[in-house]
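Open the structure in your viewer and keep the sequence panel beside it.

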Amino acid sequence: MKSTRHSSVRFFFFVGVVIFITFAIISVEARKHHNNRHKPHKHLKDKGSNGHKAPDPATNIPGPAPAPLPHYGSYPANSTIFDVLSFGAKGDGVSDDSKALLAAWKAACQVSGATVEIPAEFKFLIKPIILQGPCMPHIVLEIDGILLSPPRVGAWPKSSLFQWINFKWVHDFTIQGTGKVDGQGSEWWSPSEVYYIQKKFKHNPDMKPTALRFYDSHNITVRDIEIVNSPQCHLKFDSSSGIKVDNITINSPEISPNTDGIHLQNTKDVEIQHSNIGCGDDCVSIQTGCSNIHVHHINCGPGHGISVGGLGKDKSVACVSDIVVEKISLQNTLSGVRIKTWQGGIGSVKNVTFSNIEVSDVKYPVIIDQFYCDKKTCKNQTEAVAISGVKYDSIKGSYTVQPIHLACSNDAPCTGVDLIDIQLKPSSSGYGGFRQALCWNSYGKSQAPLVPSSIDYCLRTESGSVKGTARSRHEHIC
């Protein structure tokens, strides 16, 4: 009897323990479920293309919409659009947005096919900046808004007087868009600023920034944008190749000094087409080291025309070859199509064609000047850059000073000059020049129709000795 009673006690104790443990487990699970209902989901994270963490769109975790991206420097890992506003730019035209542009550039540089976006309806003040490669291929700078340079001369650091936005070592790169690059250069052109610039920077006042400059860059396209009011050159290519410029507009006042539209130096394989250029200097300037250049369908004016040179300054070596300039319209310009070299230079210019050129009220439509001088006087020197194989074909329109001016060196006369279908008449308004063509030490041939008739007997007939004189000192240099 006693044994039975002890067994009953043990049974009820065991049942009690089981019930207690079961209740405890249920309570813990209930609390965990309650907490999970009120806890936000943890999103998986990954590194963005710029090094900051960004949500991974592939996770598809249900729940509330994700928070907006941080305002500075964060992008989804698979993004190819890098808007400068998302990198801290204000876009008010007053705040310095240089760091934001540089941050967007560095992020995009790591992504093939990326676009740096300058959005429309915003103005971005950018101080002198270097956008440097090498980058992944097919990067695009989309300019739909307005880029502004510092408007005050005193705001420019002394170390950045050569260029405003400088692209270095970029390949397979495009600038495009509906926006504007504004150099705000009026202070740089003012005579009252010349003394200030000399005093502060202790340099020649001709040292002024270029708006957009490419250095050692290849396979570059610039299209559709507008570049205005650069302190000096608007668009420059230096030591580059594979350049295409299409459908751009360049504009600065006629009184803005040295504001070349497009400037080429040590650059080859270039096509410039379907663009409107008006400035205070050459619409297109082709300098030493250039070859295989094709310029066509350009409206030029105001300005100084389409120029090869000046070449050979300070007795330097100049080599230019294989240039085609065609289907050009020039209005109210200093010159039409010209080659200009300094006395004392060495090297050569050869295989140049100017064809289908229309001029209206141009002072000197056709020029070769081997006595180029941008001062009141220059020292006479015997050496000269040799010029050969130059064709002027179908040059038509009106002039205000002189139809043709070919002034070549006694030491290195111009050879292989062709004048074909030249029809130039005095302008009906403001004419006060010479009706006679000038050809000095110029050898070649002419072909009708020729107006004025003096062009027909302007050039001298070539001989073997003349060709030898022109080439002997220069054929081994270039």
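This is a predicted model: local features need pLDDT of at least 70, side-chain atom pairs count only at pLDDT 80 or more; totals for chains, interfaces and linings use all residues.

Residues are numbered from 1 along each chain as its sequence is written, and side-chain values use heavy atoms, with hydrogens and water left out.

A disulfide is a covalent bond between the sulfur atoms of two cysteines. Here the term is given to a pair of cysteine sulfur atoms within 2.5 Å, and by this rule the count comes to six disulfides.

**First stop.** Select Cys109 and Cys135, which are joined by a disulfide with an S to S distance of 2.0 Å; the link is left-handed, with -105° about the S-S bond. Cys109 lies in the loop between helix 2 (98–108) and strand 5 (115–118), and Cys135 in the loop between strand 7 (129–132) and strand 8 (139–143), so the pair ties together parts that are 26 residues apart in sequence. The helices (H or I, at least four residues) and strands (E, at least two) are DSSP runs, numbered from the N terminus. Is each of these cysteines buried (under 20% relative accessible area), exposed (over 50%) or partly exposed (in between), using a 1.4 Å probe and protein chains only? Cys109 counts as buried at 7% relative accessibility, whereas Cys135, at 22%, counts as partly exposed.

**Second stop.** Now select Cys408 and Cys414, whose sulfur atoms lie 1.9 Å apart in a disulfide. The torsion about their S-S bond is about -100°, so this disulfide is left-handed. Cys408 is buried at 0% relative accessibility, and Cys414 is buried with a relative accessible area of 0%.

**Third stop.** Go on to Cys439 and Cys458, which form a disulfide with their sulfur atoms 1.6 Å apart. With a torsion of about 110° about the S-S bond, the disulfide is right-handed. This pair links distant parts of the chain, 19 residues apart, with Cys439 in strand 31 (residues 438–440) and Cys458 in the loop between strand 32 (442–451) and helix 5 (464–472). Both Cys439 and Cys458 are buried.

**Last stop.** When the bonded cysteines are counted along the chain, the disulfides follow the pattern 1-2, 3-4, 5-12, 6-7, 8-9, 10-11. Finish by selecting Cys279, which is in no disulfide, the nearest cysteine sulfur being that of Cys283, 4.5 Å away. Cys279 counts as buried, at 0% relative accessibility.
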